[in-house]
Amino acid sequence: MSIKHIWIVFKKEVRDIIRDKRTLITNLLIPIILMPILVYFMGGGMEKMEKDIENVTIALTEKSDTAEIRSLLEQNIFGDYPNVSFNGVVADPTAAIQDDVVRFVLDVEEDFAAKLGEGTPYKIFVHYDETDTKSLSSYGILTQAIQEYSQKQVEQRLIDMNIDLQILQPVSIVPINEADENAGGNFMLMMIVPMLASILIAVGGIPAATDLVAGEKERATFEPLLTTQAGRMSILLGKYMTVTMFSFVSVIAQLIGLLIGGLMSPSFFTMTSPGGQIGNFNIPIGALLLTILILVTLGMVFAAVELGISTYARSFKEAQTYLSFLTIIAMVPGYATMMLQPDDLQLYMFFIPLLNAIAALKMSLGGLINYTYLGIALGTSMLYVILSLTAAAWMFNQEKYLFRS
Amino acid sequence: MIETKNLTKHFGEVVAVDNLSLHVNRGEIYGLLGENGAGKTTTLRMLATMLQPTSGNAVLAGYDLVKNPEKVRSSIGILFGGDSGLYDRLTAAENIAYFGRLNNMSELLLQDRIRELTEVFGMEEYIKRRAGKFSKGMKQKAAFARSIVHNPDIMLFDEPTSGLDVSAIRNVHEFILDCRSQGKSIILSSHSMSEVEKLCDRIGIIHKGKLVAQGSTAQLQEQHQGKSLEDIFIEVAGGGK
């Protein structure tokens, strides 16, 4: 093995890939252009959905269309809700809801005033569509307004009866938030970044790996290369460095795209955060370095696996087919852990390849650092690097795989 | 310059090359004649150190094939038929330089050698252009230059004219003869009777991995009652049976 030869192979492969428009477009341009568009539309869509939920339209049934009922609803119940608007009268509540003419149709008992005077409960029938997200979400606003009004009526009755209002509240709840002050509220980022970064690092090297061995075999450049003085291990390591590097080029491009998207549509990152704010990141430098190292080793593991598979494949197309399965394998832990929060992380996760990188990223972004766990993740990742590289080197030295035809 | 002794290669139960012993002198072209699957490519791959012999050995340019494969590689150049095996996104000069560097040439020597080969093969117009847009003839010349950039003593040609048109075949033949005139030891594998008859000083007929006859064309004809090379081939190789 010669460092000089490794470097020569690496430099040539990088130059070769940089000149390949397809790889550049797939690995760099598409993420940088597509990701902001995706984030922009997702963020914009969420923002629009939130506004739509707040803006509630109500109609009355024909028999509820009286001045008394209108006054009850418009002034007494929904007077403090400027986003609630009344939209006429409908003959058929079911059709009006299903045709999306209004979100709610209210039907108030005609003798509500009499019942109110007698202290007897009266009913307000609310027609809505439980299968419609907006209708279901706005339902909370509607019931909250009615309950507030109901509460006011109760309070007034108690006052009229000279009863202390405290009788209504034998127990009061005092919430005390005991969350770690370092734990950020960046739920969206904690959900997306670990999944995206890990999957992209795992699969980002696939185009390069496919091209560098299976592609070379197909183009008949591989055999002349093996007759040079460069040993097989030097050739493999030069290619391995290239694939690892392009795994990270790909993820950096995606994260740049995500960042641009975030700047264009900040609501994307804050839509699930308390108060709609991006929390402060407070990652200690040690944890940050450990996490970066874990991600680098993850890239190295997958680069070796991808090169091994590419060595086994007879042709470019065969390599693409095999490696597409690897993409699916990488996606499973990514999506399976997407909703996990830092305090849900379990020790075993830090031993499993890919899952350990996702867990380390979630832990660091969440600010709940456990250095033992991060150390375990790095240690196991390094072991996987050694194992995967040994397997790739073994594969690269097997005549039956290298010269399969 | 090339001496193989009982060179054997098994792929599982299949014996691809069976106790092959031959020698090739300096400045000599040895033709390895055989049908598809006879063991020609496997032999050349073993001599190029791509495959390890199951048993037997060879000495190339004084270096032991099994014990010193890296030194063997420093002494050989190889040219395959069919695709030129150039990197399309690299220029002709970059293709040649890549192989020169991997063969441990100094940068100064390499640049001189590229200039020299550019002139020899008349590649001045396109030496700095990417190989992907070359015509077949241009690719061929760049591949020739690449195979001899490190000035090897031994050249291995594996069916170099396979799939080429008449003028391209002539270019290859001229290149092989040039290599001989430079004193290189050459093994040319082919299944074309006329090609080996035209170019080779000696011929070895290989059949099912075994060397079944060898000698110059004249010697072979003498041994087989003056028959044509094609008839001799059919006789010793059993007509592909």
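Trainee: Which residue in β2(A) stands opposite L60(A)?

Mentor: It's V89(A) that stands opposite L60(A). Before we go on, keep in mind that this is a predicted model, where local features need pLDDT of at least 70, side-chain atom pairs count only at pLDDT 80 or more, and totals for chains, interfaces and linings use all residues. Residues are numbered from 1 along each chain as its sequence is written, chains are lettered from A and ligands numbered from 1 in the order in which they are written, and side-chain values use heavy atoms, with hydrogens and water left out.

Let's stay with β1(A). Helices and strands here are DSSP runs (H or I of at least four residues for helices, E of at least two for strands), numbered from the N terminus. Strand β1 of chain A covers residues 56-61, and because five of its six residues are buried, the rest of the structure largely encloses it. Buried means under 20% relative accessible area, exposed means over 50%, and partly exposed is in between (1.4 Å probe, protein chains only).

Now look at its partners. Two strands pair if DSSP finds at least two bridges between them. Strand β2 of chain A, residues 84-90, runs parallel to β1(A) and is joined to it by five bridges. Strand β3 of chain A, residues 104-108, is parallel to β1(A) too, with three bridges joining them. There, F104(A) in β3(A) stands opposite I58(A). As for the side chains, in a regular strand they alternate between the two faces of the sheet.

Chain A puts 28 residues into the contact and chain B puts in 28, where contact means heavy atoms within 4.5 Å. About 2800 Å² is buried between chain A and chain B, and carbon and sulfur atoms give 53% of that. R19(A), T227(A) and Q229(A) supply 27% of the area that chain A buries against chain B, more than any other three residues. Buried area is the accessible area (1.4 Å probe) that two parts lose on being put together, summed over both.

There are seven salt bridges between chain A and chain B; the cut-off is a side-chain nitrogen of Lys or Arg within 4 Å of a carboxyl oxygen of Asp or Glu. One of them links the side chains of R89(B) and D16(A) (2.9 Å, N to O). On the side of chain A that touches chain B, the elements giving two or more residues are α1 (3-18), α8 (206-218) and α9 (222-226) of chain A. Of these, α1(A) gives the most, with eight residues. A polar contact, by the way, is a pair of N or O atoms within 3.5 Å; within protein, one must be able to donate a hydrogen and the other to accept it, and residues adjacent in sequence count only if both atoms are side-chain atoms.

E13(A) sits in helix α1 of chain A and counts as buried, at 1% relative accessibility. Its side chain makes a polar contact with the side chain of K239(A) (2.7 Å). Beyond its neighbours within four places in sequence, E13(A) touches L212(A), E216(A), K239(A), T242(A) and Y98(B).

Nearby in topic is the salt bridge between the side chains of R219(A) and D211(A) (2.9 Å, N to O). R219(A) is partly exposed at 26% relative accessibility, whereas D211(A) is buried at 8%.

One more pair: E399(A) forms a salt bridge with K9(B), with the closest N and O atoms 2.5 Å apart. E399(A) lies in helix α16 (residues 399-402) of chain A and K9(B) in strand β1 (residues 2-11) of chain B, so the pair joins two chains. E399(A) and K9(B) are both buried. Elsewhere, salt bridges that share partners join K12(A), E13(A), D16(A), D20(A), D211(A), E216(A), R219(A), K239(A) and R89(B) into one network.
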